[in-house]
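Here is a short briefing for a reader who is new to this structure. Start with the view below, then take the topics in turn.

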Amino acid sequence: MIRMKPLTLYDRMLAEYGPQRWWPADSPYEVMVGAILTQNTNWRNVEKAIANLKATGCLSPEAIMEMKKTGLETLIRPSGFYRQKAERLKLASEKWVEVTSNTPDLRNEWLSVKGIGEETADSILLYAFDLPYFVIDAYTRRFCAHHRLCRFDDYEDYRCYFESRLPRSVPLYKEYHALIVEWGKRNKIRSPRDP
DNA sequence: GGCCAGGACACCA
DNA sequence: TGGTGTCATGGC
């Protein structure tokens, strides 16, 4: 196999798959909700949960903060882990109304929310706040291993790998991550050390 | 009917 | 700090 650079792989995927135009959401807040609901969960199940929130007029931070936890659990049940995620959505919604894209140390603000780890935080920062953080998920690690780009244990090492090799561009980061996910869905490739 | 999906955290040694 | 268990639904 010919070993390629990250930007070359990006160009090839963009040519083959076309622009993905991520994140699939109608608003930045919906991005945040989706980022939490999709934790270790098939996106199709997330779509059902978000549809329930929309149908009941509950897709807003105010509505989610105010509603009973059990009611929220019922709406998001299709996304799995619904008890945990209901709690996480409430905590994240509280954070949502208190920060802006100009809040200092915004990444750590999100990481301080129980239930929001590095991947979820970076998804929110990139797709909801338009800030240049490259998102590392299970597909990204698989992508790196498959193309012999790199292999690390730590999330930060992967993020640094991409951010140090790509132009610092929010649209590029968005599209690249989306293309990696599309690649992952088309190529069900797993390795022994796969997360 | 088993396996897996766009993680995160608690607990233990 | 590293390994393991838990959380849960729905599609294939």
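The surface near DNA strand C holds 3 nonpolar, 6 polar and 3 charged residues. Near means a C-beta atom, placed from the backbone, within 6 Å of the strand. Ala, Val, Leu, Ile, Met, Phe, Trp, Tyr, Cys and Pro count as nonpolar, Asp, Glu, Lys and Arg as charged, and the others, Gly among them, as polar. This is a predicted model: local features need pLDDT of at least 70, side-chain atom pairs count only at pLDDT 80 or more, and totals for chains, interfaces and linings use all residues. Residues are numbered from 1 along each chain as its sequence is written, while chains are lettered from A and ligands numbered from 1 in the order in which they are written.

**DNA surface**
- Residues around DNA strand C include Asn40, Arg44, Arg77, Tyr82 and Arg83.
- α3 (43–55) and α6 (82–96) each supply at least two residues of this surface. Helices are DSSP runs (H or I, at least four residues), numbered from the N terminus.
- α6 gives the largest share, 3 residues.

**Domains**
- Chain A is assigned domain 1 (6–22 + 134–186) and domain 2 (28–127); the bounds come from an automatic or database assignment.
- Their centres, taken over C-alpha atoms, are 24 Å apart.
- Their contact (C-beta atoms, placed from the backbone, within 7 Å) takes 8 residues from domain 1 and 6 residues from domain 2.

**Core**
- The largest nonpolar core has 43 residues, and Met32 and Ile124 have the most contacts inside it. Such a core joins buried Ala, Val, Leu, Ile, Met, Phe, Trp, Tyr and Cys residues through C-beta atoms within 7 Å; buried means 20 or more other C-beta atoms within 10 Å of a residue's own, all placed from the backbone.
- α11 gives the most to this core, with 6 residues.

Conventions:
Contact = placed C-beta atoms within 7 Å. Buried ≥ 20, exposed ≤ 12 C-beta atoms within 10 Å, placed from the backbone.
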